[in-house]
Structure formats: C-alpha cells, structure tokens
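Please keep the sequence and the model open while reading.

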Amino acid sequence: MAPPRLYLDWNATAPLHPAARAAIMRAIDIFGNPNSVHGEGRAARAAIEGARRKVAALAGTDAGNVVFTSGATEAANLVLTSDFRMGRTPLRLGHLYFSAIEHPAVREGGRFAREKMTEIPVTEAGIVDLDALGRLLEAHDKATGLPMVAIMLVNNETGIVQPVEAAAKIVHAHGGLFVVDAVQAAARIALDIEKIGADFIIVSSHKIGGPKGAGALIARGEALMPRPLIQGGGQERGHRSGTQNSLALIGFGAAAEAAVDELEARNAAIGALRERLEAGMRQAAADVMIHGEGGERVANTIFFTLPGLKAETGQIAFDLEGVALSAGSACSSGRLGESHVLTAMGRDAKLGALRISLGFSTTEEDIDRAIAAFAKIANRRRSAGEAACPVSKLAETQISACQSG
C-alpha cells in the first residue's frame, strides 16, 4: 500500500485546524441571518462578533477595526483605492507604490489606474529597498493626492520578513497611508498593527487553518476608511455589503484564536523541522540554492532551486513521489511561470524555484519522507530528460508522459 500523501504547501492553503472544524460543527445550526433582529438573527450576529474579536486579537487591535471580507484578495481591492474618507471628510490618494515582490492581489493595484502605480525595487536579498522608497516619496506630487504604499510583511515565496516598521516611518513622514499584506505573517509571527505602524493590514482565513471564503481588512482606527467596494445593504458597518458567511467567519475566528495561543510553541517546532529539512537537502544535493537563507525568514518556508530541474517538472516529480509542494504563488489560476520575486531579486527566474512550506501538523516523519523524495529527484536530474517533458499545467496526461522519462 502506498504511503499517504505528504502535504508541504501550507503557504498556499492550510488544512482546517481542529479548533476551526470543531467551531464550525458547533455552529452548523446557527442558520439565522445575522442582520435580522429576531432571536435566530441575534444568535448568528453574536457568533460573528465573537469571531471578530478573535481576529482583532490576532492583530493586537479592537474588534471595531475589523471588516470581514470574502478573502484577502477582496480586502486588497477594498483598500487599494484613491477614494477614502476621514469621518465625513473626503481624502484623496494620488498614487500607489508597491514593492516588486508583492502578491498579485496587490500588484494589480486594486482600483488604482495603472499610470498611478509605481513599483518599489528590492535588494538582491529580497528585502524592500527603503532608500528607493524614500526617494520615490520625496518625488511624489502631493497635488495629485497623498501617497499610498503597500508592502507585505512576509513574502509568500521566500518567507523573507520585510522591514515594515522602518517603512511605516518613511511613509508617514511623507503623509502617506501604509497598507501591509500580513497574509503569510499571521500565525507565523506576532502581529501588532500599532507596532508595525500600518494603517491597514490584510489577513486571510484559509492561510491560518480557517475555512476558505473569509478574510479581513483590519484598520488602525475607525475614522479613516476606503470607499466601499461592494455596495448594498450596508453590512459590516457600511464598509462591505452582503450577508456575512457565518460559518466561515466562525471558523476564521477559531483559527485566529488557536494561532495566538499556539504561536510560540508552533514556531519553535516548525523551525526545528525546517532546519532538519534544509540540512537533509544540502546533504543530498550540495548545489541546492535556498533563496533568502541569509536573511530573516518565517520558520516554515523554504524556496529553493535545484540546478538542472525546471520548476514545473520538479513540481510534477514531487507529486509523483506523493509530496505536494508548489512553484511559488498558488493564487494565479494554476498557472506556472517564472517567479517575479526571483526576477526582482536580480536572479535568473528561468532557473525555476520550488517552495516547501510547513504547518502545525507537519512531523519529523514527514520531513524524513521529504528528504528522501528530494534525494531521489536530485539524483536523477538529466537535462535531456528535462527537455523531453515540457509542461504547462498539472494535468493527468502530462504526468503520465513524464513518468516514463
């Protein structure tokens, strides 16, 4: 009997945390519309507000600062706009500056026009260039409106932690608004929106062990908010209309609570597993390149290149060994292509890179299996074999074609 499949793609999505599963099952019969005034509706609203408090605690803030959305992409599209209000006073944002390593949800710019978007370069180490940020903001034309800057806290491919606290000081010194994508940081490092210095942070349920279909835009205060993206019945205090997905939000809240409670112990265990895995990979292939290894990374992520192995072929090879990993972001409709993160770091993206990401249920036995699969694949690298198996998507016929090569 074949061993069970090994899941090492937690940055793409996390399996449902037991606490989230239990919370959803307890709430399965809370069917009322949370915006209704009768008892059934009040029960649903109470459950959602309990989840809101737990998600707020994940970011070290108050529940009133949390706007629930359908996910991080919607949250990004909500906040990335030139149209804000400070209370009842309109506030105009003239230009969006975003780092070269941002997730596609931010790189697309939300509601900003393309000509009002500028990319901030990063260093060869994969860290946003703060000097370049300062120069861009110095040159910003304030007559067009205030600048908005978006920088992720943790890169989804490399796991590198970005200097957002220092960036926040630069942004605010120039009168700008600062948005931080904390999707890959939540549940992996402690979040405190005040300490970070962000005006808004974005988090996602399914990245931390909650269900898909839920996310949040978290503000530093209640006064400054973007024009709503979704209009309608005025739910979420008018910031995001539409009947809330009660079960998803309840699961999100439970996962957020577990992330806070388990953070220290979880990180220590996962960090030890990553060290074990990286040591095994180097022993199996001395030429393996681990991107970002010299800088500060979250404990769970390894982004690596195995010379002679294309990313798409490597992903299929690991899949055939029963190991699920990815070739960078999994949020681009399944497309495989060159990593914009490697390109931004000045590296040849044609080399290809694969991402291993660990999570709360990863074990030492899993790591040993991953090392064995890596060693097997590394030992059979053949450039001719690579050329014989070009792939553009993970389809059954392509996997079968490459299996014989």
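Leaving aside neighbours within four places in sequence, H206 is in contact (heavy atoms within 4.5 Å) with A12, T13, A14, P211 and K212. The model is predicted, so local features need pLDDT of at least 70 and side-chain atom pairs count only at pLDDT 80 or more, whereas totals for chains, interfaces and linings use all residues. Residues are numbered from 1 along each chain as its sequence is written, and side-chain values use heavy atoms, with hydrogens and water left out.

**Setting of H206**
- H206 lies in the loop between strand 8 (200–204) and strand 9 (215–219), where strands are DSSP runs of E with at least two residues, numbered from the N terminus.
- Because its relative accessibility is 17%, H206 counts as buried, a term that means under 20% relative accessible area with a 1.4 Å probe and protein chains only.
- The side chains of H206 and T13 are joined by a polar contact of 2.7 Å (a pair of N or O atoms within 3.5 Å, one able to donate a hydrogen and the other to accept it).

**Strand 4 and its partners**
- Strand 3 (residues 83–86) and strand 4 (residues 89–99) run antiparallel and are joined by 4 bridges, where pairing requires that DSSP finds at least two bridges.
- D83 has R92 in strand 4 as its bridge partner.
- These two strands form a hairpin with 2 residues between them, and G87 in the turn has a positive phi of about 70 degrees.
- Strand 4 runs parallel to strand 6 (residues 146–150), with 5 bridges, and L96 stands opposite M148 in strand 6.
- Strand 4 also pairs in the parallel sense with strand 5 (residues 117–120) over 4 bridges, and there L96 stands opposite M117.

Methods: Buried < 20%, exposed > 50% of the residue type's maximum accessible area, 1.4 Å probe, protein only.
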